[in-house]
Amino acid sequence: MSLWSRFANVFRGDRLSDEIDEELQSHIQEAIEQGRDPVEVRKAFGSALRQRDESRDVRAIAWLDALRTDAVFGWRQLRKKKVTSAAAILSLALAIGACTSAFRLIDALLLRPLPVADPEQLYALSRREIFFDGTPQTFDGWAYPAFRLMRAAVKHQAELIAISYAERMDLTYKSDQEMEKAYLQYVSGWMFSSFGLRPALGRLFTESDDLQPGAHPYAVISYDYWRRHFGQDPKVIGRSFQMGNRLYEIVGVAEEGFSGTEPGTMIDIFIPTMMNAAVERSDSTWIRTLARLKPGVGVEPVRAKLNATSLAFEQERAKGFTGMPKQSIDNWLKQTVFLEPAGSGTSDLQNEYRRSLAALAVLVALVLLIACANVANLMTAQAAARAREMALRVSIGAGRWRLVQLVLVESAWLAFLAAAIAALVAWWSAPFVVTMINPPDNPARLSLPADWRVLGFGLILTIGVTFLFGLTPALRASAVKPASALKGGEDPHSRRRMMHALIAVQVAFCFLVLFVAGLFVATFDRLSNQPTGFSAERLLTLETVTERAQLPVFWDQVAEHLRTVPGVETVAVASRALLGGYSSNNSVSINGAPPTDVLAYFLHVSPGWVDAMSIPFVDGRDFRASDTSPGVAIVSEAFAKQFFNGENPVGKSFEEATDEGKRIRFQIVGLVRDARYRDIRGPMLPVAYFPFHSIDAIGRGTFIVRTSSLNPLVLASILRREVARARPEFRVSNIRTQAELVRAQTIRERLLAMLALFFAAAALLLAGIGLYGVLDYSVLQRRREIGIRMAIGAQAGDIARRVTAEIFSMVFVGAIAGLALGMTSVRYIETLFYQVKATDLPMLALPSLTMFAAALLASLPAIIRAVRIDPATILRAE
Amino acid sequence: MPKPDSLQGSLDLLVLKILSRRPRVHGYAIMTAIQEMSGEVLRAEEGSLYPALHRMEEAGWIRAEWITKDTGRRARLYELTAAGRKQLAAEESRWRAVTSAVNRVLRMA
């Protein structure tokens, strides 16, 4: 109560003083009424002001009261200089907003613990291995039988949980015509209880929901999906949906906030692992394995047991690899299992963006430092103008700490006003960046809550920023010596020296940002100008699935029907689209030789597909309607180079060598130029095209449609309908333009280039403003000297050189430092570059030229001002 | 010559004691009461009385309330709280201990 009233009294301000005065007045009145002498009574009170102050200190918290006074004073100071304050606030807001945004992304993707019990005890299992093609890799996929063995092996030390890679699946709650997509994950039945999650509705899975393959057609949906899709309808329990040819019943809604263990993908539906068709297969690695260690268990003993179990499993399996060279099997078996903390989940998005986000975080931090240096210079220049005021405060008894507080409170005003705007920036920009990750039809979804973590970060950042730019000016202001300040100032150069040092720092950071941005932009440029070997112009890809596998002739019928649709020029069909994120490969054997180490990549295509993709023939012919697979093949130039030493392979033959030792023979009938198959980085892959017509029925294919309209998507809905009309068993699951698939290859690079460019522009602008401000200040300060110089005959060029020489040497020093900084730091992000090196001359020249051009531009107004100084006016003013 | 009003830190005690006898009085009355009851020997100066009153109010020993008098002027009346009563008892026994100790010294010396 008492502390509260003292606290409250701080903000009652004048009313408190009035109350104290009134009480004293009432006392005096009383005394006079009692017949005392008015003069004597007033005298007895002494100074009313002192009296009030003493009582005030008792009744209000003194330091808080002082803070309040300073805050009011600081606010008035800011309002007095509206333009400079606004500039400072806006530049800080941009920088703080960008930093908070970057933090939100990094936190959501990489740092935030999963909303499960004891996330710190969660580990993810991976393997380091030498893959069959000789490349070392780490891989976190496991086959279910291996998982089962490992789980049994460590059951006393840890609980293992199987969680499949998130899949975007087609399913329907009504008829086949109303298919929709949902993110789905197969999970161990005991996952929910092991994570300590409770149902929001219905029930969650238990171990008994995950015993028999195919026997548990149940689903648990996420809270988010329940809200989005069902409007939180409690009657959702018991509803069922069809996926593939099975019905699943929804039995529960998971706890709010839990949306799977893959940051970047929010899972809609969980299904027991036993419902996955691959659950009994030893050669299909479709699950991630998480381990929850029991309390007090060390990581290493568990790892060793898992390693031994996994290795035994793979050794057993490798006995069946009769078709592979023994050497590569032996190499592959030198794999080791390791455990990594997975308290924040584990996802491909994390791996792909960890380094990129770190690089961006450094860039935004640099922009923030540049902005801070700007404001610090601004405050220093202002402190110079206020030296007399400070001196006066000291002479009437203000303590040194009180002056530090005064200036710091003013800085805090700037920082907190900036933070308020920054919150808006971060609010908007973080989700915006997330939507740009992944292609537009399949955006990454990241839960970005604005909770205490983000608020705490923002608060700490703002306070940190306040001290960063405010402390030095505050200490300088408080160190004022009244006598000399009132006389007209002491060493005026010391202040300028600090401002110049800050300019050098700004330039160094700005250079670094420009340099890195240049590398990112060049990477994006090189990558997006990679020739793909085919033409994506006006091409639409229709990923199509059928209820049951259909004979090739029916696929032909659908293609034939699509050709009759107005606006369609060409139709072909392939097993998958190029660059669709899919690959199929195997070793091959030439002339009965042992299987090759290098893998060949395969794609099944219909006659006319090569022409539809505009891939030029070098020799031979296209497939005919009568060609079937296996039998004949068309190969790429890289294939000919790899396996036929560059000779023309048309007329020759090769065999596909499967893992089980089977050999399948193909006669080469055509040779085509290379086209990008899986991705647009790295060398062209050796590709063999097989006829789409195979002996077996086909359940999945992709129609390639070249349209006459420049925007092929206008035909999308018509084509979707026409496919189903041609044959009702056929259903289009996904429509994308081929151009979109190509663009999807450079999403990360586009994002990095765009954001880096934005930050580079911000850094350049801020550094330019800073340079302008300091130059302007120094001209203002030296105008007497310049006037005298001009009066005694100095030339304009001489004056300009004098004014700028010091600053430009600072810019030069800064640029060199920035360059050194860039060269040493850039190797940490080398993996993000493509065909670009930090030592490339243009990469160095561009930021240098930009920096100096900006410096020149920023210094022009000050130079003009300097040479326009009229000596007569200046000298007369003195 | 020692000032007659040098209360030597016993101002709190006197104020609390007076308030325990007469509830709801204003500052001027407290001052005159100290003067009268001490036979004009002790005098609380305005300059120390009011800060002391405000301090004790913040400490929660006394509470204050504004009233409007017949003359239309407002006055601030003080009264003792429960905590103040406890404080008074403590101060009184401390005072007795000190004075008896001082008396003993005076007798012995």
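Modeller: In this predicted model, chain A is divided into four domains: domain 1 (2-60), domain 2 (66-112 + 348-490), domain 3 (119-347) and domain 4 (539-743). Domain 2 is written as two segments, 66-112 and 348-490, and the range of domain 3, 119-347, lies between them in the numbering. The C-alpha centres of domain 1 and domain 4 of chain A are 94 Å apart.

The overall dimensions of the chain complete this picture. Along the principal axes, the C-alpha atoms of chain A occupy a box of roughly 120 × 75 × 60 Å. The radius of gyration of chain A is 37 Å, whereas a compact globule of 878 residues would have one near 29 Å. Of the 878 residues in chain A, 40% are buried. Among contacts in chain A with a separation of 6 or more, 83% join residues 24 or more positions apart. The secondary structure of chain A comprises 27 helices and 23 strands.

Strands β8 (residues 240-243) and β9 (residues 246-253) of chain A pair in the antiparallel sense over four bridges, and A:F241 has A:Y248 as its bridge partner in β9(A). Two residues separate β8(A) from β9(A), and A:G244 in this turn has a positive phi of about 65 degrees.

The peptide bond from A:S629 to A:P630 is cis, with omega near -5 degrees. A:P630 is placed in the loop between β17 (617-620) and β18 (632-636) of chain A. Most residues other than glycine have a negative phi, and most peptide bonds are trans. A:Q835 is found in the loop between α25 (796-825) and α26 (841-867) of chain A, and it counts as exposed because 12 C-beta neighbours lie inside 10 Å.

Helix α2 (residues 14-33) of chain A lies across β1 and β3 of chain B, and runs at about 95 degrees to β3(B). These strands of chain B belong to an open sheet of three strands in the order β1-β3-β2, with antiparallel pairing. Because β1 and β2 (62-68) of chain B stand at the edges with a single partner strand each, one side of each is left without a neighbour in the sheet. Seven bridges join β2(B) to β3(B), residues 74-80, and B:A64 has B:Y78 as its bridge partner. Finally, B:R24, in the loop between α1 (11-21) and β1 (25-26) of chain B, has a positive phi of about 55 degrees although it is not a glycine.

Definitions and conventions
Residues are numbered from 1 along each chain as its sequence is written. Chains are lettered from A and ligands numbered from 1 in the order in which they are written. This is a predicted model: local features need pLDDT of at least 70, side-chain atom pairs count only at pLDDT 80 or more; totals for chains, interfaces and linings use all residues. Two strands pair if DSSP finds at least two bridges between them. A residue is buried if 20 or more other C-beta atoms lie within 10 Å of its own, exposed if 12 or fewer, and partly exposed in between; C-beta atoms are placed from the backbone. The radius of gyration is taken over C-alpha atoms; the globule rule is 2.2 Å times the number of residues to the power 0.38. Two residues are in contact if their C-beta atoms, placed from the backbone, lie within 7 Å. Domain bounds come from an automatic or database domain assignment. Axes are lines fitted to C-alpha atoms, for helices over the stretch in contact, and angles run from 0 to 180 degrees between N-to-C directions.
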